[in-house]
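Below are some notes for a colleague who is opening this structure for the first time. Please read them with the model in view.

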Amino acid sequence: MVNEEKFVEDIVDQDDNFSMWYNQVVRKAELAEYAPVRGCMIIRPYGYALWENLQQRIDARFKEHDVQNAYFPLLIPQSFIQKEAEHVEGFAPELAWVTRGGGEELEEPLAIRPTSETIIGYSFAKWIHSYRDLPLLINQWANVMRWEKRTSLFLRTSEFLWQEGHTAHRTLEEAEERTRLMLDVYRAIAEEDAAIPVIAGRKSENEKFAGALRTYSIEALMGDGKALQSATSHNLGDNFARGFDIQFLDADGQRKYCSTTSWGMSTRMIGGLIMVHGDKSGLILPPRLAPYQVVIVPIWRKDKEQEAVNALVNRVEKMLKGKIRVKVDRSENTPGWKYNEWEMRGVPVRMEIGPRDVQNNNVMLVRRDNRAKEPVPVEALETRLPELLEEIQQALYQRALAFREQNTHSTESYAEFKEIIAGKRGFVRVKWAEDTEAELAIKEETKATLRIIPFDQPEGGVQGKCIYTGKPATCEAIFARSY
């Protein structure tokens, strides 16, 4: 315990300063650090391995739904951006421009992509001719840039990594079906892979994507009671199709505009992982995404014990290779130091192997989420470890779900609403009349935003009055302060 306290003494308590705790954990766990360019980040190998594991899971799920990967240019002509008026208005404050190249002034300024609807719309217009070319289902893995004024590693940086899916469809109904399908894919990624419970629903008119007909999202609750928008899916209607002349010849011989969609999830999810699962000792990573699922720590006091311990370590490592992501810590640091380092890094299971374990042909497994210890015979490891990792995966989800339920409030009083937002934080579910002016007023008065209009609305419709305007409520909505 002395060693543990010494190792984590520089980490502020979550309850004292959650934001500082978050930034310290990101750096101490060697996930990322700030770049020399304002608002940008350098993702370190451990952080990038976490992103790779998430990326692979996302990509596999996309391909199950017939989505193909492609790549589009980083630079977008100014004239493309201007073709969709609502889109350019929404992104104008965040755009970064290239105006010179090769020492010369460019004839047309080029925007560094904030998102790729415009350049992909241009491509779709060339690729789509007939209804037989539809649906067209494309995804790209890329970086984007949005010139942020206030930044935080992973959560909000000027440059970040993401995937952006773009599809074109024959009808608006097909586009809506795809938009909702991809949102459910994101829900599965968050809940099943990241162990983060989310609420799925529709964004308000004020919060929807610039140029979209409808925007849907999944919202998660962080450990400090703030919300995090974890992924979005947009039905763009024919807005971009008209701007870029994406037409097709239908079976009835008529030329028609496509209905398009776009949807994305980014490195922001890593920030969500940290804030949902982390504790006073650092990261706690869900096994399905952890760069290392098991870390093996050899233990010996006398030189004559070292050979036998290492022999068992090598045997176990060989046994697990290719089945479980395993790391053997062969550094010269003390066992206590290693325990603390790998706890900070959130490895789901620590495996201790010492002289007594060699004698008993056992190993000691220690869970990161609750520090429970379990001796396991070496011969049982190939069976027990996958079971234990799945138990941890489910335990993390259930713990996060319980936290969200404990911090979800309902009220019909605006005075109580303000008290909850100011003191308890969390999600606040209220009756709502979908009034944009009222929404903006609440944001001004409380710093809370309308996060989502959940899909799970009361059967038979909402009865009662809007919490702010007193008008007849049309839905229930969730408000919270957010990242």
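1. Which residues do ring pairs link into a cluster? This is a predicted model, and in it the cluster consists of Tyr414, Phe417, Trp432, Tyr468 and Phe479, joined through ring pairs.

2. Trp51 has a relative accessible area of 1% and is buried. Trp141 is buried too, with a value of 17%; the cut-off for this class is under 20%.

3. A further pair is made by Phe160 and Trp162. Their ring centres are 5.7 Å apart and the planes stand at 90°, so this pair is edge-to-face. Are these two residues buried or exposed? Phe160 counts as buried at 12% relative accessibility, and Trp162 is buried at 10%.

4. Two lysines lie over ring faces. Lys83 is placed over the face of Phe80, 5.4 Å from the ring centre. Lys226 is placed over the face of Tyr483, and here the distance to the ring centre is 5.0 Å.

5. Helix 7 covers residues 172-193, which makes 22 residues. From its first C-alpha to its last it reaches 31 Å, close to the 32 Å expected at 1.5 Å a residue. Just after this helix, Ala195 has a positive phi of about 60°.

6. Phe455 deserves a separate look. Phe455 sits in the loop between strand 22 (449-454) and strand 23 (475-480). With a relative accessible area of 35%, Phe455 is partly exposed; that class falls between the 20% limit for buried and the 50% limit for exposed.

7. What does Phe455 touch, leaving aside residues up to four places away in sequence? The contacts are Arg180, Leu183, Ala200, Gly201, Arg202 and Tyr216. For Arg202, the C-alpha lies 7.3 Å from that of Phe455, although the two residues are 253 apart in sequence.

Definitions and conventions
Residues numbered from 1 in each chain as written. Predicted model: local features only at pLDDT ≥ 70, side-chain atom pairs only at ≥ 80, totals over all residues. Heavy atoms only, no water. Helix = DSSP H or I, 4+ residues; strand = E, 2+ residues; numbered from the N terminus. Expected span 1.5 Å × (residues − 1). Buried < 20%, exposed > 50% of the residue type's maximum accessible area, 1.4 Å probe, protein only. Phe/Tyr/Trp six-rings, centres within 6.5 Å; stacked < 30°, edge-to-face > 60°. Lys NZ or Arg CZ within 6 Å of the ring centre and 35° of its normal. Contact = heavy atoms within 4.5 Å.
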